[in-house]
Amino acid sequence: MILLAGDFNEEVGESSSGMDSLASTCQLLDVFSLRLGSSTQPATYQRGKKRLDYILMSPELLPHVNAAGYDPFGYRIPSDHRGMYVDFNINTLFHDELPSLS
């Protein structure tokens, strides 16, 4: 299984994009495109209009995603990019209950 997240400085979904080629070759899904219904929105770079930050994952991981999203600009750390997150259900993902902490 693959989980690939980052500021890739190119839009996924563009035919000339290296990340789009990688996603297609490895059959990776764009979790935000699926969740938000848009491959171009929201813009993730404050001084631009493109979605350059995204998370690609193997299809087997998608059923285990509880939540995924982007933070507003500057929400957690000072940056010109949005923070992003994916919350997994670790019990179903790893097929086991976590031990209780002492």
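Me: Hi! How many strands form the open sheet, and in what order?
Reply: Three strands form it, ordered 1-3-2 with antiparallel pairing. Strands here are DSSP E runs of at least two residues, helices are H or I runs of at least four, and both are numbered from the N terminus. Pairing takes at least two DSSP bridges between two strands. This is a predicted model, where local features need pLDDT of at least 70 and side-chain atom pairs 80 or more, while totals for chains, interfaces and linings use all residues. Residues are numbered from 1 along each chain as its sequence is written, and side-chain values use heavy atoms, without hydrogens or water.

Me: Which are the edge strands?
Reply: Strand 1 (3–7) and strand 2 (29–30), each of which pairs on one side only.

Me: And how many bridges join strand 2 to strand 3?
Reply: Two, with the strands running antiparallel. Across from L29 you'll find M57 of strand 3.

Me: Switching topic: which residues of the largest nonpolar core touch the most other members?
Reply: V31, F32, Y54, L56, M57, V65 and F88, out of 17 residues in that core. At least two core residues come from each of helix 1 (18–25), helix 2 (31–36), strand 3 (53–57) and strand 4 (65–70). Strand 3 gives the largest share, four residues. A core is a set of buried Ala, Val, Leu, Ile, Met, Phe, Trp, Tyr and Cys joined through side-chain atoms within 4.5 Å, buried being under 20% relative accessible area with a 1.4 Å probe, protein chains only.

Me: What is F32 in contact with, leaving aside neighbours within four places in sequence?
Reply: G37, S38, R51, Y54, I55, A68, G69, Y70, M84 and Y85, counting heavy atoms within 4.5 Å.

Key
Buried < 20%, exposed > 50% of the residue type's maximum accessible area, 1.4 Å probe, protein only.
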